[in-house]
Amino acid sequence: MKGIVFTEFLELVDETFSPDLTEELILECELPSGGAYTAIGTYDHRELITLVVALSKRTEIPVPVLVKTFGKHLFKSLVRSFPVLVDAKQDLFDFLHSVENYIHVEVRKLYPEAQLPKISCEQSNADRLVLHYQSRCPFAHLAEGLIEESAVYFKTAVEIERRDDGSADTAASFAITKRV
Amino acid sequence: MDQNLLLHRYNREKRARQAAEELMEKKSYELFLAHNNLHKHADQFAAQSEQLESILENAGVAILIADGGGAVMRFNQHSLELFPQDILSKGLSIIDLFAEEHQPTATHLVTCGSSSGESLDLKGVNHAGSLFPMEVTVSKISLHEEHHTIWICRDLSQREKAEARRRELEKELSQAQKMEALGTLASGIAHEINTPIQFVQDNIRFLQESFEDIVGLLGKYRQAVSVLEATQKEALLSGFNAADKEADLDFLKEELPECHEQSLEGIQRIGKIVSAIKEFSHPGNGEDVDIDVNEAIKTTSIVSHNQWKYVADLTTDLAPDLHPIKGNPGDFNQVVLNLIVNAAHAIEEKKSPELGAIHISTSATSTGLLLEISDTGCGIAEDHLKRIYDPFFTTKEVGKGTGQGLAITYNIISKKLGGTIHVETEEGTGTTFRLSIPTHARQGILS
């Protein structure tokens with residue numbers, strides 16, 4: 001998993017809770033990387049899971065809520081860091097289509113070793129799109145947070161209906177309907 | 001923040017920075033390599049582009065690119081040598097480069113291109129406004145997702161001139177072959193003419209002497225009439241009798257009509273040979289005409305008489321109801337001559353004490369006619385059979401054959417007259433050549 005996800009997660013803990021908690025979590029989790037993350041590095045996704053679970057224990061906030069919240073935070077960070085990949089004039093659905101067809105293509109050019117989730121979109125009409133998420137990492141809630149925040153970014157009111165396609169949070173479908 | 005935690009963060013951030021620096025270093029190096037690679041590819045691409053440009057510009061054909069509406073977008077140097085410059089440089093319609101009669105075809109090609117790379121023979125307009133023949137291939141391509149066409153136009157003027165020259169040379173060669181054949185036959189023909197000339201000459205000398213005798217006898221008769229009343233009757237009678245004896249009127253009465261007849265026959269024979277030679281050697285005007293096959297066989301038999309008369313009897317069985325074939329009479333005569341001479345040589349080679357036989361027959365078939373030439377010669381060995389139509393293949397002794405006869409025969413029958421040739425042979429027994437040739441009417445259908 002790309003290092004930016006880890007650095008953004010630690011930044012979220014810093015901002016939302018406290019830098020002390022961030023360091024305590026890292027010490028407590030005894031991570032193989034020692035938590036010395038850099039945005040351009042690549043790390044084992046299980047370290048993130050360990051951190052989230054530890055944070056959940058400390059804060060008594062359920063893991064799914066934390067991951068989804070992190071998804072929202074991550075979207076804003078990504079847009080800030082890579083504005084060239086997000087065309088603000090786009091429609092929400094155009095953007096979601098471009099995740100697999102454009103953004104992931106560009107990410108692979110920069111980081112050929114990146115293991116990205118597989119995203120596919122089915123759009124039956126102008127107001128409804130079903131996004132299928134599939135990954136080796138259990139981050140369907142992260143995807144949900146990213147989708148929700150992208151709707152905010154594109155100023156589109158939507159209803160998202162989630163259906164899990166597996167039990168381990170590795171596959172899910174999101175039926176997104178624009179609200180009139 | 002707790003001091004220990006702060007120290008922990010400091011160390012962690014420091015390690016992260018170091019890791020980031022190492023990664024940056026690695027990425028920079030990768031970028032450097034990628035940049036070098038890109039440079040190399042760009043150079044290769046530029047070289048390839050230059051090469052393609054050079055090929056395009058120096059191609060011996062006009063290459064043009066037109067857009068979907070037919071406007072000329074790009075053209076090579078050779079195009080400027082063929083077509084009007086203003087049409088090309090102003091990007092006008094490519095259709096204007098074609099003769100009016102071919103503009104509808106060009107319009108179709110702008111839309112569809114030529115089917116599966118097929119070449120079309122069309123007329124173009126050159127910079128002087130004259131028409132010229134060209135071969136055109138049009139390919140449909142997509143440039144920037146728009147329909148375009150690539151036109152490759154080859155000027156055929158030079159090729160057509162070369163083709164005309166080739167036809168002229170072929171005609172000259174055919175005539176030279178005929179002359180060569182005549183040259184080979186010349187001594188025989190001279191002998192053929194010499195024999196009747198000899199006896200016609202003897203007969204004329206005989207007529208001359210006989211005439212002198214008759215004139216002498218007539219003088220005596222006149223003298224007798226004038227002096228019938230004179231006294232020297234005895235002397236006169238004696239002179240009269242002597243002249244009568246000298247003239248031998250009874251003998252002359254018997255011999256002179258036969259002498260006249262023989263001389264006339266001799267002269268007719270010479271006339272026949274001379275007209276056969278004339279017929280045989282006539283160059284023609286290069287165009288195909290109707291050929292009377294039977295007449296050609298008769299003519300060639302006469303011309304070649306001296307080639308076969310010492311070794312064989314030549315008989316014919318010619319069907320009277322044959323349609324003419326269309327072709328060059330000289331070519332056909334050459335075929336018959338080659339086959340007769342080969343037959344005579346085969347009979348000679350057999351070294352039989354008896355006279356051999358050459359038989360020529362013609363008959364009508366459903367598609368044309370069948371010409372058969374058989375001989376009782378030595379036949380053709382099986383291992384030679386598949387090579388007999390190869391140029392320069394001969395089994396004859398040096399000076400007797402050049403190995404061209406059957407090669408020329410095959411070429412004329414199969415390529416020029418649209419016929420087929422089959423051979424049937426048995427070593428020591430003889431050979432039959434069967435020529436199947438479509439007649440005029442049939443050739444018309446075929447063409």
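Two strands pair if DSSP finds at least two bridges between them, and the strands themselves (E, at least two residues) are, like the helices (H or I, at least four residues), DSSP runs numbered from the N terminus. The legends below describe a predicted model, in which local features need pLDDT of at least 70 and side-chain atom pairs count only at pLDDT 80 or more, while totals for chains, interfaces and linings use all residues. Residues are numbered from 1 along each chain as its sequence is written, chains are lettered from A and ligands numbered from 1 in the order in which they are written, and side-chain values use heavy atoms, with hydrogens and water left out.

**View 1. The hairpin of β11 and β12 in chain B.** Strand β11 (residues 420–426) and strand β12 (residues 430–438) of chain B pair in the antiparallel sense, and seven bridges join them. One of the residues in this pairing is B:Val423, whose bridge partner in β12(B) is B:Phe433. Three residues lie between β11(B) and β12(B) in the hairpin, and B:Gly428 in the turn has a positive phi of about 85°.

**View 2. An open sheet of five strands in chain B.** The strands of this open sheet follow the order β2-β1-β5-β4-β3 in chain B, and their pairing is antiparallel. Because β2 (72–75) and β3 (120–125) of chain B stand at the edges with a single partner strand each, one side of each is left without a neighbour in the sheet. On average, neighbouring strands of the sheet are turned by 35° against each other, direction ignored, where axes are lines fitted to C-alpha atoms, for helices over the stretch in contact, and angles run from 0 to 180 degrees between N-to-C directions. Helix α4 (residues 103–112) of chain B packs on the sheet and touches β1, β3, β4 (131–143) and β5 (146–155) of chain B, with a direction that makes about 135° with that of β5(B); contact here means heavy atoms within 4.5 Å.

**View 3. Strand partners within the sheet of chain B.** Strand β1 (residues 62–67) of chain B runs antiparallel to β2(B), and three bridges join the two; here B:Leu64 has B:Phe75 of β2(B) as its bridge partner. Six bridges join β1(B) to β5(B), again in an antiparallel arrangement, and B:Ile65 stands opposite B:Ile150 in β5(B). The antiparallel pairing of β4(B) with β5(B) extends over 10 bridges, and B:Val136 has B:Cys153 in β5(B) as its bridge partner. These two strands, β4(B) and β5(B), form a hairpin with two residues between them, and B:His144 in the turn has a positive phi of about 50°.

**View 4. The interface of chain B and chain A.** The contact takes 13 residues from chain B and 19 residues from chain A. About 1,200 Å² is buried between the two chains, and carbon and sulfur atoms give 61% of that area; buried area is the accessible area (1.4 Å probe) that two parts lose on being put together, summed over both. B:Leu5, B:Arg9 and B:Arg12 supply 40% of the area that chain B buries against chain A, more than any other three residues. Between chain B and chain A the count is three salt bridges, a salt bridge being a side-chain nitrogen of Lys or Arg within 4 Å of a carboxyl oxygen of Asp or Glu. The side chains of A:Glu23 and B:Arg9 meet in a salt bridge, at 2.6 Å from N to O.
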